[in-house]
Amino acid sequence: MKRLNGMDAMLLYSETPNLHTHTLKVALVDATDYAGDFDFQLFRHTFIRRLHRLDPLRYKLVDIPWRLHHPMWLQNCDIDLDYHLRRVQVPAPGLRRDLDGVIGDIATIPLDRGHPLWEFYFAEGLAGRRFAIIGKLHHALADGVASANLLTRIMDVPGGVQDERDNETTCVPPSKGELLRAAGRDHAQQLAALPRVMADAASGVRRLRQRSRERGAQPDLARMLHAPATFINHLVSPVRTFATATLSLAEVRETSRSLGITVNDVVMASAAGALRELLLRYDGSADRPLVASVPASTDRSPHRISGNELGGMAVSLPTHISDPLERVKLTATSTAIAKENNELFGPELYGRLITYLPPFAAPPAFRWLARRDARNRLFNLPVSNVAGPRERGQFAGAPVSEIYSAGPLIAGCGVNITVWSYVDQLNISVIADDRTFGETHEMTDAMVCAFREIRFAAGLSDS
């Protein structure tokens, strides 16, 4: 067994009937040149033979009696594959938007905690002899970096023989006494660490205040705890919608080099431009910067396939700026400040503090927040940018042509933007509830247009 860390546990506690905290991983497989039948039975057989490499998928959640501590993972458990591996049909004509509709339906249904917290769907009916493998994993199992590493283990190993074998289970459910003794030991370790954590937090706050005074006023950046009210911020419904789009990673890199900024700055500036367009469309004005919640990984090891090792940054999005190059400049400034603040406070300190979240009080508090029809003053929306696999993968010998990822919605925020790079692509996913947009592809289309606007302003042409 192993204890969920504070961030893992928070992602469990914050799940409510209208706020599901699973994530989605979508791989499109092109079987055009595949010799033989590429079907659900092949998918199932291949998945079973690789299950031994996917340790988190064999974790089962174990609650501690009377919620005296965070839950634990019981490892190496037996899996009911008839439950976890499913097939779905994409309606005709089987285009991108038809698949996105199916993914939205899958995202709407929360995971059953009576089973290991994942499901995989094999989607048939796509045009051009393509198939989609849709993974729904609880965020408590893995963050973006761990999910990317896990995905590479599902795909074929480049140039090598697959390490495939049958699976052996060794899990034995613990007794109540064992759970309570483990909780007592872990609490003792946490209490011993608490003075150091509090001292580090106080030091981090002092560093942030001092640096803020040194920077002086930043009138064009959003103020902390002052995220404005917008059409995307409301009581979130339980229904999910999904949309995707793809940019050329080479063009994004060329743009970042031309403007002297990072790829992440280009992503954030494109999001800001897209949100500005939609604010003008839905709210009739875009006169204040928005605040994005941006996760920051504290462990980028290529071998980590489970858990959440995350910090968080608040990034001002200059949606009030009409000029694209000025918007890029302000975005680069705000992301640089957010990164500096993250370092000054301590990248791992947020996770260390979350460890002390009380398991008996956190779930009802999160349920209250989820039902509260009030403005979220912390953030307007989450935006993530994760480096995915650099080499083109295959599944059962057929190439994986695209990969997408989507994170959960949070209280008072009806949209989540997740960007994953894959080989030569920058793939955009937007998940939203059914109250936010008339059509969720409005957001992905606007991001593509905002990126094109930045390239044009930088004097670059489309390839």
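Arg 67 lies in the loop between strand E3 (60-62) and strand E4 (72-74), where strands (E, at least two residues) and helices (H or I, at least four) are DSSP runs numbered from the N terminus. The phi of Arg 67 is near 55 degrees, a positive value in a residue other than glycine. As background, most residues other than glycine have a negative phi, and most peptide bonds are trans.

This is a predicted model, in which local features need pLDDT of at least 70 and side-chain atom pairs count only at pLDDT 80 or more, whereas totals for chains, interfaces and linings use all residues. Residues are numbered from 1 along each chain as its sequence is written, and side-chain values use heavy atoms, with hydrogens and water left out.

Two packed helices are described by the angle between their axes and the distance between the axes. Axes here are lines fitted to C-alpha atoms, for helices over the stretch in contact, and angles run from 0 to 180 degrees between N-to-C directions. Helix H8 (residues 263-282) and helix H9 (residues 324-345) have axes that come within 9 Å and cross at roughly 120 degrees. H8 and H9 are therefore oblique to each other, given that angles under 35 degrees count as roughly parallel, over 145 as roughly antiparallel, 65 to 115 as roughly perpendicular and the rest as oblique. The contact (heavy atoms within 4.5 Å) involves residues of H8 including Asn 264, Met 268 and Arg 276, and residues of H9 including Arg 327, Val 328 and Thr 335. The residues of this contact of H8 with H9 divide into 5 nonpolar, 4 polar and 3 charged, where Ala, Val, Leu, Ile, Met, Phe, Trp, Tyr, Cys and Pro count as nonpolar, Asp, Glu, Lys and Arg as charged, and the others, Gly among them, as polar.

H9 also packs with H12, at an angle of about 105 degrees and with the axes 9 Å apart, and H9 and H12 are therefore roughly perpendicular to each other. Pro 324, Leu 325, Arg 327 and Val 328 in H9 meet Glu 453, Ile 454 and Ala 457 in H12, a contact with 5 nonpolar, no polar and 2 charged residues.

H12 (residues 441-457) packs with helix H7 (residues 249-259) as well, at an angle of about 45 degrees and with the axes 10 Å apart; H7 and H12 are therefore oblique to each other. The contact is made by Glu 251, Val 252, Glu 254, Thr 255 and Leu 259 of H7 and by Phe 451, Arg 452, Ile 454 and Arg 455 of H12, and its residues divide into 4 nonpolar, 1 polar and 4 charged.

Turning to the cavities, strand E2 (22-30), strand E7 (130-138) and helix H5 (144-154) each supply at least two residues of the lining of the largest cavity. The residues of that lining divide into 8 nonpolar, 1 polar and 1 charged.
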